[in-house]
Amino acid sequence: VQLQASGGGLVQPGGSLRLSCAASGSIFRINDMGWYRQALGKQRELVASVTGGGSTYYADFVKGRFTISRDSADRKVFLQMNSLKPEDTAAYYCNAAIRRGPGSMARDYWGQGTQVTVSS
């Protein structure tokens, strides 16, 4: 199982970016999917998550600015980031709780980080 993230880059304050993450491999079911971020010298933190049923969670520091969505058929999760601030600068990681078979427990998988830099 692999998670492939993309969409990071350099953007000015107030700008927007859209991150994508696609899951591939031997997958029976994907439960929660989410995005974390880790700024230089800081711990990784949860940004947003979405359940298999579509319920969403957002960290307070992104509420009203970021939107998480998923395409279950394509096994993808997205993060639309608007009104970006310099403090949003970090490596962003996608995460998914994946079951590989009908009798298996879900386990966490991580994508590689995609760098988001917000700077003028």
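Trainee: How do strand β3 and strand β8 pair?
Mentor: Strand β3 (residues 17-24) and strand β8 (residues 76-81) pair in the antiparallel sense over 6 bridges. Strands are DSSP runs of E, at least two residues, numbered from the N terminus, and two strands pair if DSSP finds at least two bridges between them. This is a predicted model, in which local features need pLDDT of at least 70 and side-chain atom pairs count only at pLDDT 80 or more, while totals for chains, interfaces and linings use all residues. Residues are numbered from 1 along each chain as its sequence is written, and side-chain values use heavy atoms, with hydrogens and water left out.

Trainee: Which residue stands opposite Phe78?
Mentor: Ser20 stands opposite Phe78 in β8. The rule for a charge over a ring is NZ of Lys or CZ of Arg within 6 Å of the ring centre and within 35 degrees of the ring normal.

Trainee: And what about β7 and β8?
Mentor: Strand β7 (residues 66-71) pairs with β8 in the antiparallel sense, again over 6 bridges. Ile68 stands opposite Leu79 there. Their hairpin has 4 residues between the strands, and Arg75 takes a positive phi near 60°.

Trainee: Changing topic, how many disulfides are there?
Mentor: The count is 1 disulfide, defined as a pair of cysteine sulfur atoms within 2.5 Å. Cys21 and Cys94 form the disulfide, with their sulfur atoms 2.1 Å apart. The pair links distant parts of the chain, with Cys21 in strand β3 and Cys94 in strand β9 (residues 90-99), 73 residues apart.

Trainee: Why is that disulfide called right-handed?
Mentor: The torsion about the S-S bond of Cys21 and Cys94 is about 55°, so the disulfide is right-handed.

Trainee: Are those cysteines buried or exposed?
Mentor: Both Cys21 and Cys94 are buried. Buried means under 20% relative accessible area, exposed over 50%, and partly exposed in between, with a 1.4 Å probe and protein chains only.

Trainee: Where is Leu3, and what is it in contact with?
Mentor: Leu3 is in strand β1 (residues 2-6), and it counts as buried at 7% relative accessibility. Leaving aside neighbours within four places in sequence, Leu3 is in contact (heavy atoms within 4.5 Å) with several residues, including Cys21, Cys94 and Trp110.

Trainee: Last one: which ring does Arg107 lie over?
Mentor: Arg107 lies over the face of Tyr109, at 4.1 Å from the ring centre.
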